[in-house]
Amino acid sequence: MSRPDLFTAIHKAIRAMVYDAGGRLQTADFADDRAATTTTADLIPVLSLLREHHHTEEEIVFPQVRPFDETLIDGLEAQHETIETLLTIAGDAVSATETAEPASRPDAGAELNKRFNELAAFYLEHLAHEEQTIVPVMWEHFTDEGLAAIQKAIMASAKPQLVLDWLGWMFRGLNRQELVSMLSDAKASLPEPALEGIRDLGAANLEPERWAVIREQAGL
Ligand SMILES: [Fe+2]
Ligand SMILES: [Fe+2]
């Protein structure tokens, strides 16, 4: 049986979010007032979740792994610094598009698309790099219970709305087996009001037929 890791589910959620955001951004009509406003407004929470993910790794995961492989963590933190710079540049491009005059907004939107692509390219490569490097180190040095304890600390540190935001992207980013396993665990450990919120989120993010199958298999 495969061992648990702290990265697959959240990285799949991030990829689903980045693919979705990139697709909408590169097809947006920035000459249209409403479309421009919606597109930039939708990107702000995407940038914020990308930033949140690497802060959580730095605060909760990396300190646990540093004693076993200092060079690895130094390298990952250096990539995070680059990501921070790219996030700031993309955020500035969002602001520039929001405040552009209507006549220059299409050009500002095209620039924003380029900046987002640069961020997405680096970020996606970074995710794959983490999966290839830190996951095996953690498997070597932590038991399944140890990994579960770190996962628990991550969940405990997150505000409830943040957990729901990530869960929404997990619904869009994970396969059936992964969702059934995650929701079965949730069923066993969470109170009914929280489960009700999860059911609403599943119904909002999955096609009805797919959701019905997953819900039944998870006993939700
Ligand atoms: Fe990272
Ligand atoms: Fe990551």
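**Close-up 1. Packing of helix 2 against helix 5 in the predicted model.** In this predicted model, helix 2 and helix 5 (residues 144–157) pack at an angle of about 160°, with their axes 11 Å apart. Because angles over 145 degrees count as roughly antiparallel, helix 2 and helix 5 are therefore described as roughly antiparallel to each other. The crossing in which helix 2 passes helix 5 is right-handed. Helix 2 contributes T56, I60, V61 and Q64 to the contact, and these residues meet I150, A153, I154 and S157 of helix 5. Sorted by class, the contact of helix 2 with helix 5 comprises five nonpolar and three polar residues, with no charged residues.

**Close-up 2. Packing of helix 2 against helix 4.** Helix 2 also packs with helix 4, here at an angle of about 25° and with the two axes 12 Å apart. An angle under 35 degrees counts as roughly parallel, which means that helix 2 is roughly parallel to helix 4. The crossing of these two helices, helix 2 and helix 4, is left-handed. On the helix 2 side the contact is made by A36, L50 and V65, while helix 4 supplies R105, G109, Y123, I134, V137 and M138. Seven nonpolar residues, one polar residue and one charged residue make up the contact of helix 2 with helix 4.

**Close-up 3. Packing of helix 3 against helix 4.** The axes of helix 3 (residues 70–99) and helix 4 (residues 105–141) come within 9 Å and cross at roughly 160°, which means that helix 3 is roughly antiparallel to helix 4. Helix 3 passes helix 4 in a left-handed crossing. In the contact of helix 3 with helix 4, 18 residues are nonpolar, six are polar and five are charged.

**Close-up 4. The nonpolar cores.** The largest nonpolar core has 33 residues, and those with the most contacts inside this core are A13, M17 and M170. Two or more residues of this core come from each of helix 1 (8–27), helix 2 (33–65), helix 3, helix 4, helix 6 (160–173) and helix 7 (176–189), and helix 1 gives the most, with eight residues. When its neighbours within four places in sequence are left aside, A13 is in contact with W166, W169, M170 and G173.

Conventions: Residues are numbered from 1 along each chain as its sequence is written. Chains are lettered from A and ligands numbered from 1 in the order in which they are written. This is a predicted model: local features need pLDDT of at least 70, side-chain atom pairs count only at pLDDT 80 or more; totals for chains, interfaces and linings use all residues. Axes are lines fitted to C-alpha atoms, for helices over the stretch in contact, and angles run from 0 to 180 degrees between N-to-C directions. Helices (H or I, at least four residues) and strands (E, at least two) are DSSP runs, numbered from the N terminus. Angles under 35 degrees count as roughly parallel, over 145 as roughly antiparallel, 65 to 115 as roughly perpendicular and the rest as oblique. A crossing is left-handed if the near helix is turned anticlockwise from the far one by less than a right angle, and right-handed if clockwise. Ala, Val, Leu, Ile, Met, Phe, Trp, Tyr, Cys and Pro count as nonpolar, Asp, Glu, Lys and Arg as charged, and the others, Gly among them, as polar. A nonpolar core is a set of buried Ala, Val, Leu, Ile, Met, Phe, Trp, Tyr and Cys residues joined through C-beta atoms within 7 Å. A residue is buried if 20 or more other C-beta atoms lie within 10 Å of its own, exposed if 12 or fewer, and partly exposed in between; C-beta atoms are placed from the backbone. Two residues are in contact if their C-beta atoms, placed from the backbone, lie within 7 Å.
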